[in-house]
Each structure stands twice: as structure tokens, then as C-alpha cells.
Amino acid sequence: MNTATKLSGFALGLAAVFGTAYGVGHLAGPVTPAAETRHDATDAGHDSGASDHGDGGHAATATAHLPGGLLVSDRGYTLQPVTAPAGEFAFRITGPDGRPVTRYDVAHDKRMHLIVARRDLSGFRHVHPELAADGTWRVASPLAGPGVWRAFADFTPTGGEPLTLGVDVTVPGALEHRPLPAPATSTTVDGYTVTLTGAPQPGRTSRLTLTVSRDGRPVTDLQPYLGAYGHLVALRQGDLAYLHVHPEGAPGDGRTPAGPAVTFAAEVPSAGAYRLYLDFRHGDTVHTAEFTVLAGDQTAPAPAAPAPTTAPTPDAGHGTPGHGHS
């Protein structure tokens with residue numbers, strides 16, 4: 001996608017769904033030049049230069065209670081998509097000094113994890129961009145077709161704390177809303193069957209176990225991927241809050257088997273519907289199994305789906321349809 005790619009943010013109507021857990025604010029304001037974004041961030045409870053504003057650290061306390069991915073700017077760091085050639089996605093992370101960050105710590109075997117999903121929770125992709133000397137991250141575009149996408153940058157700046165920043169990216173074209181699949185405890189992907197045991201409970205840690213089989217036989221030779229036998233991302237329906245989910249054990253620790261079961265410790269902040277995405281590696285290929293789960297009161301209605309809309313048709317495609325990893 002060329003410069004026809006439009007960047008936009010949403011003022012999400014969270015009060016009806018998640019208002020009891022989080023106040024409604026400028027969680028993901030319009031994508032604007034870095035200086036303006038950072039000034040707006042203070043209104044959302046960001047800690048971007050909090051001491052300079054004399055707030056006594058209240059902004060940091062406010063954002064500490066938010067799940068990841070709701071903020072385009074947090075603790076002085078800002079996610080800035082930049083213009084890229086067709087078929088490429090590029091962005092920078094600017095630091096508290098306003099300059100692009102060029103030093104990152106390795107986390108889960110990578111210095112940057114870029115996760116994208118449409119606002120209807122379809123089209124999930126997890127890729128790993130390459131860092132240029134000027135602080136620009138570049139990767140073949142994971143935005144597979146028209147829609148409003150949420151892009152999450154999951155990283156740890158050297159000398160800083162782990163962060164997940166999020167920004168909306170609109171790929172023009174005919175948009176068709178895809179309803180969230182019904183909750184299920186089993187799914188198939190690429191000939192594998194993955195079964196989920198356990199359910200998330202709001203406000204406390206829950207154990208989720210995902211068991212992989214193929215042709216009716218348990219897979220006991222999973223290959224390490226991102227430092228584990230599985231990598232799990234959870235996104236909350238509605239605001240697409242990004243939740244870190246940590247695996248139990250590690251390859252080579254002498255006690256963690258290479259399948260068929262991979263167990264994660266998950267903590268969801270509120271009742272509602274969540275989409276789980278399990279990446280696992282087998283046969284030198286990464287596969288992704290997807291689940292819808294309900295946390296809390298399972299009789300509560302899901303948020304209303306947005307009506308299908310039509311956006312201008314782009315000059316060229318942004319990425320290729322499909323599902324994959326890099």
C-alpha cells in the first residue's frame with residue numbers, strides 16, 4: 001500500500017462494555033505527527049514526560065492499569081507508522097526525546113513483535129520486522145486486504161520497561177464485517193486439531209492448556225518458537241486490548257515436554273469475549289490456531305457489531321491475502 005493508506009484512530013464506546021473496568025478516554029487518538037500525539041497522550045493518562053507536567057506520577061499509575069495496545073503513546077514512547085512502498089509496512093518508535101529509538105532488548109527471541117488484526121478480530125498476523133539504522137522497522141505488509149486494522153508493536157526499549165503500543169491503520173476497499181466465531185474448545189488448522197482446556201476468569205490468573213494432535217495422534221515433537229513450545233496472544237472484543245499470556249516452562253529446561261500440551265497463565269481484566277491466537281511450530285512451519293472464549297458471565301450479550309461500510313478503492317494492494325508468519 002502506498003501513500004493512499006490512511007491512518008485513523010477510533011474513539012471507542014467502551015463505557016457500555018468495559019466501563020466498569022476502565023474509564024473511557026482517548027485510548028487510541030487519531031494518528032497525528034509525533035509532537036501532537038505526545039501532547040494528547042497526557043490527556044489519556046500517558047506518562048510522556050509526566051514529571052515535566054508536575055502530575056506527581058499519576059499518569060503512570062493510570063496507564064499501569066490498562067491492558068497493552070490501547071495507547072498509541074505511553075511512557076514517552078510513540079508508535080508512528082511511516083510511508084512505505086507498496087507491499088511493505090513501516091513504522092518507528094520515538095522515545096521521550098522525540099527521536100527514533102534504535103536500541104531494543106531481545107524478548108521472546110526477537111527485538112520487535114508486530115501483531116495485526118482487523119477490528120472484527122479476523123486476519124491475525126504475527127511478524128517480525130527488520131530494524132534499519134535510522135530507527136525504522138520494515139516488513140512485508142501483513143495487512144491482508146481492506147479493513148480497519150489494529151497494529152500492535154510489542155517491544156522493550158533498552159533501559160526501559162516492556163511496552164505494547166497500538167495504532168489503527170485503514171486499508172481502503174470494500175469492507176465486509178466478519179462476525180466473531182462462536183466459542184469453542186476445539187479447532188483445526190493445517191491438518192492439526194488443537195483442543196482448549198480451561199477458561200479465563202476476570203481479575204485472576206487462569207491456566208489455559210492447548211493440546212495439539214494430528215491425524216488423531218498427539219504431537220509430542222513440537223519445535224521451539226519464540227523461546228517456547230507455543231506463543232499465545234489474546235485480544236478483547238470491542239477495544240482490542242492486547243493481553244500478554246505467558247507459557248509455563250521452556251524448551252530445554254529438563255521438565256517441559258515438547259507437546260502435546262502447552263499450558264499458559266492468563267489473566268483477563270474484565271468479563272467479555274476474547275479471541276485467542278496460538279502460534280506453534282511443527283515440521284519447520286508455524287501454524288496458528290484461533291479460539292473464541294468468554295470470560296465471566298457467559299450469558300452477557302457481546303458488543304454490537306459495526307455495520308458494513310465501503311471505503312475508497314486503493315490504487316494498489318497492501319500485502320497479500322492469507323495467513324502466515326515471518
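**View 1. D284, exposed at 55% relative accessibility, and its partner R281.** The side chains of R281 and D284 meet in a salt bridge, with 3.7 Å from N to O, where a salt bridge is a side-chain nitrogen of Lys or Arg within 4 Å of a carboxyl oxygen of Asp or Glu. R281 counts as partly exposed at 26% relative accessibility; buried stands for under 20% relative accessible area, exposed for over 50%, and partly exposed for what lies in between, with a 1.4 Å probe and protein chains only. The model is predicted, and for this reason local features need pLDDT of at least 70 and side-chain atom pairs count only at pLDDT 80 or more, whereas totals for chains, interfaces and linings use all residues. Residues are numbered from 1 along each chain as its sequence is written, and side-chain values use heavy atoms, with hydrogens and water left out.

View 2. A search of the whole structure finds 10 salt bridges. Strands, like helices, are DSSP runs numbered from the N terminus, a helix being a run of H or I of at least four residues and a strand a run of E of at least two.

**View 3. Strand β15 and its neighbours β18 and β16.** Strand β15 (residues 231–236) is mostly covered, since six of its six residues are buried. In a regular strand the side chains alternate between the two faces of the sheet. In β15, H231, V233 and L235 on one side and L232, A234 and R236 on the other are all buried. Two strands pair if DSSP finds at least two bridges between them. Strand β15 is joined by six bridges to the antiparallel strand β18 (residues 272–282), and by four bridges to strand β16 (residues 242–247), again antiparallel. L232 can be followed across both pairings, as its bridge partner in β18 is L278 and it stands opposite V245 in β16. Five residues lie between β15 and β16 in a hairpin, and in its turn G238 has a positive phi of about 110°.

**View 4. The largest cavity and its lining.** Rolling a probe the size of a water molecule over the atoms shows where empty space is left. One cavity of 30 Å³ or more is found in the whole structure, and about 50 Å³ of space lies in the largest cavity. On a 1 Å grid over the protein atoms alone, a cavity is a set of points where a 1.4 Å probe fits but cannot get out, and lining residues have an atom within 4 Å of a point; grid points are joined across faces, edges and corners, and the volume is the space filled by probe spheres set on the points. The elements giving two or more residues to this lining are β16, β17 (261–267) and β18. Among the lining residues are A234, V245, E267 and L276.

**View 5. Aromatic pairs F152–Y242 and Y192–F280.** Rings of Phe, Tyr and Trp (its six-membered ring) pair if their centres lie within 6.5 Å, and planes under 30 degrees apart count as stacked, over 60 as edge-to-face and the rest as tilted. By this rule the count comes to six aromatic pairs. F152 and Y242 form a tilted pair, 5.2 Å centre to centre with 35° between the planes. As F152 lies in strand β9 (residues 147–155) and Y242 in strand β16, the pair ties together parts that are 90 residues apart in sequence. F152 is buried, with a relative accessible area of 0%, and Y242 is buried with 3%. Y192 and F280 form an edge-to-face pair, 5.4 Å centre to centre with 80° between the planes. Y192 lies in strand β12 (residues 192–197) and F280 in strand β18, so this pair ties together parts that are 88 residues apart in sequence.

Notes
1 Å grid on protein atoms, 1.4 Å probe; cavity = no way out; pocket = protein on both sides within 12 Å on 5 of 7 lines; lining within 4 Å.
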